[in-house]
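User: Please go through this structure with me in questions and answers. I would like to start with the contact of the chains and then turn to the packing of helices.

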Amino acid sequence: MAVAAAAERRDRFGLGWRPELAAGILANLDRIDLVEIIAEDHFHASRRGLRALQTLAAQVPVVLHGTSLGLASTVMVEARRLDRMARLVAATGGAGWSEHLAFVRGGGVEIGHLAAPPRSAASVEGACRNLDRARQVVGTAPQVENVATLVMPPASRLGEAEWTGQIVAAAGVELLLDLHNLYANAVNFGDDPMALLRRFPLARVGAVHLSGGRWIEGPSGARRLLDDHLHDPPSVVFDLLRELGRLAPQPLAVIIERDGRYPPIARLLEQLDLARAALAAGRQDRG
Amino acid sequence: MSSPRLEAYLARLYTDAAALAAFLEAPAASARAAGLDAVEAEALAAADHTGLVMAAASFHAKRARGRRRRRFSFLSDA
């Protein structure tokens with residue numbers, strides 16, 4: 001326990017665990033401080049499957065990342081979904097966990113991905129209610145992640161940073177700040193990425209995601225940046241990480257997410273080094 | 001504003017091409033016909049329709065990709 005506590009008092013850098021990257025990760029644990037596991041991949045794991053997860057957790061610190069709870073909703077999250085997360089958290093010896101500020105279903109319809117809800121007092125209240133329930137069932141509250149969106153959430157009354165700030169303050173949770181999601185939302189809706197970063201509740205950031213995306217074209221030639229996790233993080237994401245390091249002195253866990261078009265592990269390790277350098281530079285900027 | 005009813009309608013727009021087409025044709029009327037109140041319907045009518053179309057297309061692609069992809073891992077026998 002003391003070792004784990006000490007480890008969490010410094011910045012840490014890791015990768016999203018994917019089967020395609022597993023061998024490369026296990027061969028380079030001297031350069032990887034933690035791995036993030038997609039919880040849904042293991043919700044139905046057998047006892048043997050859970051033991052494998054425990055074996056991994058014995059080699060490297062793991063954190064669990066949920067994608068299907070839909071906590072930022074005016075609809076109460078179902079207990080059975082939280083029970084699955086609780087089982088995984090228990091199996092990994094109390095690993096930390098995170099989930100998105102998104103809704104993923106409505107009226108019995110599964111959207112199949114993360115949708116940004118209307119940003120309003122009602123969704124703040126709904127998210128807080130769900131986070132409270134998650135804390136009760138799982139035993140710990142998740143870090144909550146900002147999501148990328150191609151559509152300005154309809155019927156919103158609050159800006160993204162303000163809406164997020166209200167939730168993390170009222171629910172008493174940490175923020176998992178995805179810098180590429182932030183960048184995508186800024187450029188898609190005419191905001192300045194650095195200015196948007198500074199409006200987020202940076203004192204509450206406990207972890208960071210870095211990823212990449214691509215520009216896509218919509219009706220009438222409209223172009224928007226899609227966060228697809230299939231491309232390298234652009235340099236602006238590292239610039240944002242440096243600025244975050246300057247503004248947020250607390251230790252951060254920085255995770256690079258990749259969901260396909262996997263590069264050689266050496267390239268991902270290079271990106272981790274870029275992240276280390278960017279955050280260190282931000283710490284130095286702070287003086 | 002947000003409500004279970006509004007989230008349900010958005011989920012439909014993101015997953016049902018016919019519902020999205022009907023909404024784009026007559027936004028406020030379609031939203032009212034789906035049970036939204038006047039304030040919600042007006043808010044949706046004034047929404048970012050280009051983004052709605054792009055988001056729906058992206059969710060469609062992600063659902064298709066999810067169906068194609070069979071996750072495998074020595075950590076999971078799910």
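User: How many residues does the contact take from chain B and from chain A?
Analyst: This is a predicted model, in which local features need pLDDT of at least 70 and side-chain atom pairs count only at pLDDT 80 or more, while totals for chains, interfaces and linings use all residues. Residues are numbered from 1 along each chain as its sequence is written, and chains are lettered from A in the order in which they are written. Two residues are in contact if their C-beta atoms, placed from the backbone, lie within 7 Å. On that basis the contact takes 36 residues from chain B and 44 residues from chain A.

User: Which element gives the most to the side of chain B that touches chain A?
Analyst: Helices here are DSSP runs of H or I with at least four residues, and strands are runs of E with at least two, numbered from the N terminus. Two or more residues each come from α1 (4-15), α4 (38-45) and α5 (49-68) of chain B. With eleven residues, the element that gives the most is α5(B).

User: How do the residues of that side of chain B divide by class?
Analyst: Ala, Val, Leu, Ile, Met, Phe, Trp, Tyr, Cys and Pro count as nonpolar, Asp, Glu, Lys and Arg as charged, and the others, Gly among them, as polar. The side of chain B that touches chain A divides into 19 nonpolar, nine polar and eight charged.

User: What share of chain B counts as buried?
Analyst: Chain B has five helices and zero strands. A residue is buried if 20 or more other C-beta atoms lie within 10 Å of its own. Of the 78 residues of chain B, the buried share is 41%.

User: How are α7(A) and α9(A) oriented to each other?
Analyst: The axes, lines fitted to C-alpha atoms over the stretch in contact, come within 9 Å and cross at roughly 110°. Angles run from 0 to 180 degrees between N-to-C directions, and those of 65 to 115 degrees count as roughly perpendicular. Therefore α7(A) and α9(A) are roughly perpendicular.

User: Which residues of α9(A) meet α7(A)?
Analyst: From α7(A) come L179(A), H180(A), L182(A) and Y183(A). By class, this contact has seven nonpolar, one polar and no charged residues. The residues on the α9(A) side are V236(A), V237(A), L240(A) and L241(A).

Methods
A residue is buried if 20 or more other C-beta atoms lie within 10 Å of its own, exposed if 12 or fewer, and partly exposed in between; C-beta atoms are placed from the backbone. Angles under 35 degrees count as roughly parallel, over 145 as roughly antiparallel, 65 to 115 as roughly perpendicular and the rest as oblique.
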